[in-house]
Amino acid sequence: MRKLKHSAAWIFASLLTLLAGPALMATSGTLQGAESWQTASRDSTDIAPKPEQYEGAIVQVYGARAWSWRGYFSVHTWIATKEAGASQYRVHEVTGWRRYVVNSRPSIPDRRWYGAEPELYADIRGDEAAELIPKIYRAVEDYPYPTEYDAWPGPNSNTFTAWVIRQVPGLDVALPNHAIGKDYLGNGVVAEVPGGAGYQLSLGGYFDVLAGVREGLELNVLGLSLGINPLALGIKLPGIGELALRNPNPMAAADSEQVADQSSGSDTGSDGGQRLLE
């Protein structure tokens, strides 16, 4: 009986630890949701350079807090691309309110996700981006769950982003630990991490152990993930995300940002120094 009580207490304490982050987000008041998704802002935040500011190819990966209470737990992620010389971006993402959930269309790359501010996780430009874009298009078309969506544990929008990243050699981008669904591997158990150097073991997205150069170490229990990231000098907390001093993902070089600023005659442009602070 004593062992049973001890085990029950340990499980209860573990659940409290995992839920502490989402509870803090719910009570902190830092997430200011709109009263209605119909009135929530979908405006640009001026993170991405305008096409007329930078003519080269661009690949960017973004994330923003999910709508309503889901934002206490997770972010919604997407990929934006602009071909060299193109006059507009294309945004590639999954949304759960459509029968065909994959949405790949011309759109604003850095818009708010129904009021939530986006964060730039990765920014690749020039010849490297130009080589990646056709591969991204093919990966989007080959996504294996085009009519399936489950907010937890997946497949969802983060499953899509992680899957596309894994399918495109050279697109090595670590997604934040609170991108619930990124660890969903379908019928698979072992896969490379999106960051490109490392592996993860996943049991249906309910339990996952991950180790990668860009991601660091993560333990995922029921979609709630915690860990450490030595490369980013950060820690990962459930619901809160990664608190880090560095961004381990590829970001635009300072010279390309200066070109965009000079061509626009203003200080608008991509924030290449933005960190993975959730």
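Analyst: Helix 1 gives the most to the lining of the largest pocket, with three residues. Helices (H or I, at least four residues) and strands (E, at least two) are DSSP runs numbered from the N terminus. Keep in mind that this is a predicted model: local features need pLDDT of at least 70, side-chain atom pairs count only at pLDDT 80 or more, and totals for chains, interfaces and linings use all residues. Residues are numbered from 1 along each chain as its sequence is written, and side-chain values use heavy atoms, with hydrogens and water left out.

The largest pocket has a volume of about 700 Å³. Of its 28 lining residues, Ala66, Trp67, Arg70, Tyr149 and Ala151 are the closest to the centre. Two or more lining residues come from each of helix 1 (2-28), strand 2 (75-82) and helix 3 (157-167). By class, that lining has 20 nonpolar, seven polar and one charged residues. Here Ala, Val, Leu, Ile, Met, Phe, Trp, Tyr, Cys and Pro count as nonpolar, Asp, Glu, Lys and Arg as charged, and the others, Gly among them, as polar.

On to the cavities. On a 1 Å grid over the protein atoms alone, a cavity is a set of points where a 1.4 Å probe fits but cannot get out, while a pocket is an open set with protein on both sides within 12 Å along at least five of seven lines; lining residues have an atom within 4 Å of a point. The whole structure has two cavities of 30 Å³ or more. The largest cavity, about 60 Å³ in volume, has Tyr184 and Asn220 among its lining residues.

Key
Grid points are joined across faces, edges and corners, and a volume is the space filled by probe spheres set on the points.
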